[in-house]
Amino acid sequence: MKKSGIRIENIEKSFGSNPVLKGINLDVSSGQLVSILGSSGCGKTTLLRIVAGLERATSGHVYFSEELQDQITVEKRSIAMVFQKALLFPSMTIGENVAFSLRASKNRPKNIEKKVEDMLELVKLPGFASRRPGELSGGQEQRVSLARALMRNPKVLLLDEPLSALDANLRVEMRNFIREIHDSFEMTTLFVTHDQEEAMALSDKIAFMESGVLEQYDVPQSFVSTPETRKVAKFFGCRNLLTGKIVGNSFETQFGVLTLDSSHSKGSLVAARQEDLTITREKTKHSFPAKVISWQFAGSRISINCEAPNTVDSNSTEIIVESDRFADFEVNEQIHISYDPARLHVILRDS
Amino acid sequence: MKFIFRPFFLGLFVFWIFFPFLSIIIWSVAAGWRFPALLPEEYSLRGYEVSFDPNGDILRGVITSTGIALTVGVLATLIGSAAGRAIAMYSFKMKKSFQFLVLAPLIVPGLAVTMGIQILFIKYGLSDSIRGVILAHLIPTVPYVVMIMSGTFANFDRAYEEQGQVLGASRVTVMRKITLPIILPGLAVSFLFAFVISWSEYILTLLVGGAAVKTLPMVLFAFLRGSDLTLVGAASIVFMIPPLILLRFTSKHLVGRSSSVTGLGSV
């Protein structure tokens, strides 16, 4: 088993009587880059601030490499943190900003200037040392902020939405850059973001949070193929969450019985991703009848709203199918929706 | 029309401000200046000779006043900054009452308060001493500093301090290297205000210091009663110089978009 870089044990936090974090457990292997993902107000930033030591947990513990951090003050923890804003110190030049952690430490190293120049080169801003913070663009400022953090040579790098203030093109460029930087240093990185795409593209693992609860902690693709809870499935864009009764390997829904690829003894919710369904004119081995209601373009794909007539009553169930090409179906046309039993995922924890 | 009126009114304005000074400047070098004459018949530097006499009251007054005003400036800036930061950045119980109490000395007449304080000062042996005068001068100065500094701190992003901490800087280093340079304009303006108020304070000095502490305003009043206008003119010029020197070094923070100026009205 890999060594633990950061271990978060049963962290609880409330502001007044308002609970923000409800028993968070997270074990990040040494050298990994893990994203803490969630919509605003889910507690992800508070969790990061607790790891940094800027905030005190109501209960629970934080360990870096099995070393308890709870009693260690912010400045003595082996961390460096980059915030959403670059926060370059306005009274200092870029070079002095980057050198800040070296100058603030008790045993100042020699040749600080050389180190600063090397670091600026690493973040692709060579020769910027004598410039002042106001002269830089947003992306450059954030790179300086990153350089300043890396100068401390931290065991743990904490990034609090460092890209959300940048515009879209720059964000993609910067996230690849952060991954490169992470790989070339020996450190464990926690990256807080609300951007699902960013988290998927960048992380070894994602910790998805909602309302102060860690919903799922897994590799990125699992959030799409095997979401553990309804909230995860919804956040990662699964449009069809079907309810019904599972008996062995058959799933009894209101519009018919679907086949699963293995038997389950519990669960009542099945995630069927819209891109895993296909519309066919003929009945197939695994399909059910439905009617086309409408469609709309979603980027380069089309999203087709269908209705499957219920077998138990006179209502119908809405099913959304996404296709990568335009199929010439008429509105109100009777069609069949085919599915792959292996792609139907049973959600076991439906909170 | 606009082109005629603007220089005219500007000239009027300048004249209105500087005319009183003009007569003081002329008086300070006049040997004799009687009624119908537009300008003095004779000039002399007698006023300045007396003013800069090393054993004279005026130079000693300058030294006493400078010492007191500098100390008051530093103390008021320290106390007022702490209170200003608390008001601007933290929430605590009874904050509204605290704000009111801090600013109360600006509204309540200082004279009334000092009458009461004087009794306490006598009891604790603070009257007729420089220490007592310095303490008394904090009453009218601290509220101004609180006003200026709460404006400065309202515009200060605390995230800068956190950024310093997560880069390994201790609280002292964070304050010295990060916070201090950012709030420096506010501190400079605060110090200037406190210095000038203390420098020209008369009533409080008179009541608390009695005859023992002779600051420059005390000396000036004594001369005014003596009706030697040449001496009064010269002493007044001397009186004006230290605040002007201080203004020279802090004026860049008083104008423009300095946060300490825009924040002045935030309390």
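Helix 5 and helix 6 of chain A cross in a right-handed way, where right-handed means that the near helix is turned clockwise from the far one by less than a right angle. This is a predicted model, in which local features need pLDDT of at least 70, side-chain atom pairs count only at pLDDT 80 or more, and totals for chains, interfaces and linings use all residues. Residues are numbered from 1 along each chain as its sequence is written, while chains are lettered from A and ligands numbered from 1 in the order in which they are written.

Back to that pair: the axes of helix 5 (residues 138-150) and helix 6 (residues 168-184) of chain A come within 11 Å and cross at roughly 15 degrees, so the two helices are roughly parallel (angles under 35 degrees count as such). Helix 5 of chain A brings A:Gly139, A:Gln142, A:Leu146 and A:Leu150 to the contact, and helix 6 of chain A brings A:Leu170, A:Met174 and A:Ile181; contact here means C-beta atoms, placed from the backbone, within 7 Å.

Now hop over to chain B. Its helix 8 (residues 171-199) has 29 residues, yet the end C-alpha atoms sit only 34 Å apart, short of the 42 Å that a straight helix would reach at 1.5 Å a residue. Look at B:Leu180: helix 8 of chain B bends there by about 55 degrees, and B:Pro181, a proline, follows within four residues. The bend is the angle between axes fitted to the seven residues ending at a residue and the seven starting there.

As for how the chains meet, 14 residues of chain B are in contact with 20 residues of chain A. On the chain B side, helix 7 (159-165) and helix 8 are the elements giving two or more residues, and helix 7 of chain B supplies the largest share, 5 residues.

Key
Axes fitted to C-alpha atoms, helices over the stretch in contact; angles between N-to-C directions. Parallel < 35°, antiparallel > 145°, perpendicular 65-115°, else oblique. Contact = placed C-beta atoms within 7 Å. Expected span 1.5 Å × (residues − 1).
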